[in-house]
Amino acid sequence: MKSITFLIKPASSLCNLRCRYCFYEDEAENRSMPSMGIMNQETAELLINEAYQEAGSKLISFAFQGGEPTVCGLDFFKHFTAYARANKPQNVQLAFSIQTNGTLLDDEWADYFHKEEFLVGLSIDGHKDLHNRHRVDSSGKDTWNKVIRAAELLKKHRVETNALCVVTGPLSRSAAKVYQNLKKLGFRYQQYIACLDPIGVSRGSTPWSLTPKAYGEFLCQLFDLWYRDWENGDYHSIRLFEDYIHIMLGDEGSTCATCGKCGSYFVAEGDGSLYPCDFFVLDDWKMGMLGEASLSELQNGEVCQRFLSFGTQKPAECQTCPYRQLCNGGCKNDWITEDGRPFTWKNALSQDTGAHAPHNYFCESFRMLFNYAGDRMNIIAREEYRARSQYS
């Protein structure tokens, strides 16, 4: 069964926090309409209906992000899931998830997530001092204690929860502190993502910027901790490392960045506008509006096809890299030109092999990791292969 995934921004770029490194706030400021507003019930129902028209016998995943999605209120979510379940075709399966800062959650929210079987991603930057350094509210106040309260509520209501940690430059120097503290807090599923610099700004120019060397060192230190726990039978999931193990086994990575393929989901903004990627919710990449055309027509339209074509171009250095099948060029949002500027679709159209050719900003980071941990990745992959063989 293949899946259709929608990343839904029901509150657009609206958020009750003011995280200093927020990529979506920056993205919103780089388009003609920074906020598309709160999604209304009619738009939500249209989205669900359009999904079912394309579904056939598939898994449909509705994933909510922001901004902060809980800003639109619990009643929106209750209506969304009730309508989706009441109108679901017989052969369709549903999956719901949400990425939240957690600060607006209470018992009613947590109870709802449990009953509707939501997977909740909680944004938490590992340790109190590191978290409060960048993740502040609209008044500039710390948010750590509120996030910890949310984690306790979700645990109390038996909600499946994972931790999403943004790796900034300062945080990259504290891999052990972050990993051990997330373990102590009870997060068995952890996801780490590299912090993004603002659009159009030179890489490494902000107080939170993450350099390739710092990210590579962080990944190596994190792998040591993760591998040691694996050896000791105290397993904790780290999505990036697991993706590389699965690729070694012939599977695809769970993200477009690791599998090297773009266009794996639809982004639905608050007003019903559709885009091909969370990092490209910009005017140039608007595919259309819900109801203007079918999802298949939008996917086969000029904007989406241009986006997919843009994603097929890989940095030239990938051709001779021994790790090209593991890395797959990485996320194209991390591609820069040889002169240090962001690699754009206009660069791709120019077919210029000179100063405008792409280079993955974090290429050095991944090479460091694979050089350092490749042998141990192979050990885990072999053990996983044996385990699969026993149950096949």
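Predicted model: local features only at pLDDT ≥ 70, side-chain atom pairs only at ≥ 80, totals over all residues.
Rings of Phe, Tyr and Trp (its six-membered ring) are paired if their centres lie within 6.5 Å; planes under 30 degrees apart count as stacked, over 60 as edge-to-face and the rest as tilted. The structure holds 32 aromatic pairs. Residues are numbered from 1 along each chain as its sequence is written. Local features need pLDDT of at least 70 and side-chain atom pairs pLDDT 80 or more, while totals for chains, interfaces and linings use all residues; side-chain values use heavy atoms, without hydrogens and water.

Phe 223 and Tyr 227 form a stacked pair, because their ring centres are 5.9 Å apart and their planes meet at 15°. Both belong to helix H9 (residues 212–231), where a spacing of four residues separates them by about one helical turn. Helices (H or I, at least four residues) and strands (E, at least two) are DSSP runs, numbered from the N terminus. Phe 223 and Tyr 227 are buried, where buried means under 20% relative accessible area, exposed over 50%, and partly exposed in between (1.4 Å probe, protein chains only).

Trp 226 is buried at 1% relative accessibility, and Phe 241 is buried at 0%.

Two lysines are placed over aromatic rings. A charge sits over a ring if NZ of Lys or CZ of Arg is within 6 Å of the ring centre and within 35 degrees of the ring normal. Lys 9 lies over the face of Tyr 24, at 3.8 Å from the ring centre. The charged end of Lys 332 is over the ring of Phe 307, 3.7 Å from its centre.

Strand E2 (residues 59–64) is mostly covered, with five of its six residues buried. Strands are paired if DSSP finds at least two bridges between them. E2 runs parallel to strand E1 (residues 3–8), and six bridges join the two; Ile 8 has Phe 64 in E2 as its bridge partner. Six bridges also join E2 to E3, again in parallel, and Ser 61 stands opposite Ala 95 in E3.
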